Amino acid sequence: MQHQVPVPNAESGMPPPPATGPGRPAGGDPGPWRAVLRRPRAPGPLTLLLATALWLYALPRIGFRKMGDYGLLDRLPVTYHLSLLVLTAGFVLSLRRAATAPWWPAAHCAAMLFALKAPPAVLYDAVRYPWASKHDAVVDTLLANGGLRPDAALSGNMSAYDQWPGFFTLNGGLVRAFGVDGAAVYANWAPIVLGLLMMPVLVLIYRTFCRDRRLVWTAVWIFQLANWVGQDYFAPQALAYLLHLTVIAVVLRHFVRPGSAGRLRDRAFLDPAAAVVPPPTGTGQRAICVLALAPLIAAVNATHQLTPVMLCVCLLALNLTRRHRNVGLLAVAALLMLAWDLTMGRPLFLETLSTLKESLGELTRNSRAGYAGQLTGPGPELAGTANVVMVLAITALAGAAVVLRRRLTRSALPLLLVSFAPVPLFVVNDYGGEMLFRVYLFALPGGAFFAAAALVPAFAGGRRDRVGAARTARHRAAAIALPTVLSALLAGFLPSYYGKERMYYTPPAETALVTRTLDNAPEGALILATTGSFPQALHRYDSLEHWYFAEQELPENERMLRDPAGYLADGIPPGVTAYVLLTRTQDVYTAGEGLLPADGFAGLRAELSASPLFRTLESHPYGVVLEYRPAPG
């Protein structure tokens, strides 16, 4: 009985069978096709089960309560790293059957997301990222007041959250629906939940331009490894980013103008891995799609300040192509953004416009990371270096694919434009020292796709001439390069994501100290701290005033440290009850981010505690509370 040789394509990841004989070339040499026929089955659940066992064994052995200078990096046991390597190996093997069993690459992607980002959610007894606690405070205040106050003048710029309340109203509903005390109960699970929701959106985007499932799932994998930027936590940006990508996915898939594809529907012209351009949509269909997308775009505007700008910039870039030119959709997105900015978001919008004059064109300042832009300490410095290396690695891989796979680049040009579109925003504003991270985040989907294209070559034939031999050599090189590069990206992710973990985890005793102090403060009291990056910093933010006196340039802080008591006393208004809160998390943050010089925080605490202008209310190893006692007269 003659065996049926499957007819492969770019999706299957197999070279086409030779024309001579039933699956074998003339001359008796089976060639690469025999290797395909004998290719072992994908490991399926075996690698998943082994990785899960190693991860579960490692989990209770992660010493997060005793982190040192390198954050969580030197507290992760060997078995944790082994679980990640097993997942990587299983993913690479599962790509062999990506066309016939796509659920295995998908399962490995979901498992890697969980393995990388779930340890804080499972282990921590506090909200990861101390500044995330202010989002929980906004939800609590919204539920307590029963409404929004977008025009209220709230300390710490907190009125912006009432002006863009989409994320908080959603979580207010979830808190009520789950019957929990607050959003802090589930806040640490946000990266996992949002990451899982992101996966089908990314697949839809990538499948629009690529029919090779190996490349598609490799792009999803690289996206996860390169998404170290820390904007998927419990915050409005994370939700708005998911909605933004959903809009982009629909536009790329369903807003193709008739007659715009040209030769991009001719397989002879396309890269073997490229998908043909989706079917065109008429004017009426696109109008209906605009109406369907309008609520989603409105939700983006109600959730976050910057993401609508990114969305409009991306839609503008797509209008530069004949394929996705749709002025009506761009106009709707721009009008919805302006309507929100001039009504609900008017106070912050006008304030931002007033600052554009001094930030416009300041490329160096706008592209720096954080307030001081100078990370200090072994862990933060290693994390900063890893960040740069990861960005350069993704850029180099994507650039190589753009140059070497020009036919794929031509068909995926809209995705390339969407990736480049946010870059000019460096010219406009620094977004509180975060513009660098936001531009990278919005460029990442396209960057991950083209980086994967550099690592996953398309099988284009089984000829035994020089061209076929060269292709075979490239495929063999890719078989080595793919696991090597994925392992290197994994090694870069860990310091990028966990290198500054001492800033991100807060002991419960410190949280209790801050909460107790703010609960006991009278209404209208002024709370002083070096930075707002400590737990419960904005608890009762609608009743208290705040001054984070070290969130400024390092030279100004050095001047402040010469006479900290006098510096603070000069800034406290007469007749105001004021408290100074100095905690362990502030110490770690101000040192790591370069806000204060080495030992600056310890000197500050000692000077203020010894000053007759301040009375010590509580003093612990993890924090001190001082009350301002002005001199008579």
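This is a predicted model: local features need pLDDT of at least 70, side-chain atom pairs count only at pLDDT 80 or more; totals for chains, interfaces and linings use all residues.
Strand S3 (residues 578-583) is largely enclosed by the rest of the structure, since six of its six residues are buried. Burial extends to both faces of the strand, with Ala578, Val580 and Leu582 on one side and Tyr579, Leu581 and Thr583 on the other. Strand S3 is joined to strand S1 (residues 526-529) by three bridges in a parallel arrangement, whereas five bridges connect S3 to S5 with the two strands running antiparallel. Tyr579 takes part in both pairings, being the bridge partner of Ile527 and standing opposite Glu627 in S5.

Strand S5 comprises residues 623-628 and includes Gly623, a residue that is buried, with a relative accessible area of 0%. When neighbours within four places in sequence are left aside, the contacts of Gly623 are Leu513, Leu582, Thr583, Arg605 and Glu618; of these, Leu582 and Thr583 are themselves buried residues of S3. Gly623 also lies 9.2 Å from Ala509, C-alpha to C-alpha, although 114 residues separate the two in sequence.

Elsewhere in the chain, helix H5 (residues 133-145) packs with helix H7 (residues 166-178) at an angle of about 70°, their axes being 9 Å apart. Because angles of 65 to 115 degrees count as roughly perpendicular, H5 and H7 are assigned to that class. The contact is formed by His135, Val138, Val139, Leu142 and Leu143 of H5 together with Phe168, Thr169, Asn171, Gly172, Val175 and Arg176 of H7, and by class it has six nonpolar, four polar and one charged residues.

Note on methods:
Residues are numbered from 1 along each chain as its sequence is written. Side-chain values use heavy atoms; hydrogens and water are left out. Axes are lines fitted to C-alpha atoms, for helices over the stretch in contact, and angles run from 0 to 180 degrees between N-to-C directions. Helices (H or I, at least four residues) and strands (E, at least two) are DSSP runs, numbered from the N terminus. Angles under 35 degrees count as roughly parallel, over 145 as roughly antiparallel, 65 to 115 as roughly perpendicular and the rest as oblique. Contact means heavy atoms within 4.5 Å. Ala, Val, Leu, Ile, Met, Phe, Trp, Tyr, Cys and Pro count as nonpolar, Asp, Glu, Lys and Arg as charged, and the others, Gly among them, as polar. Buried means under 20% relative accessible area, exposed over 50%, partly exposed in between (1.4 Å probe, protein chains only). Two strands pair if DSSP finds at least two bridges between them.
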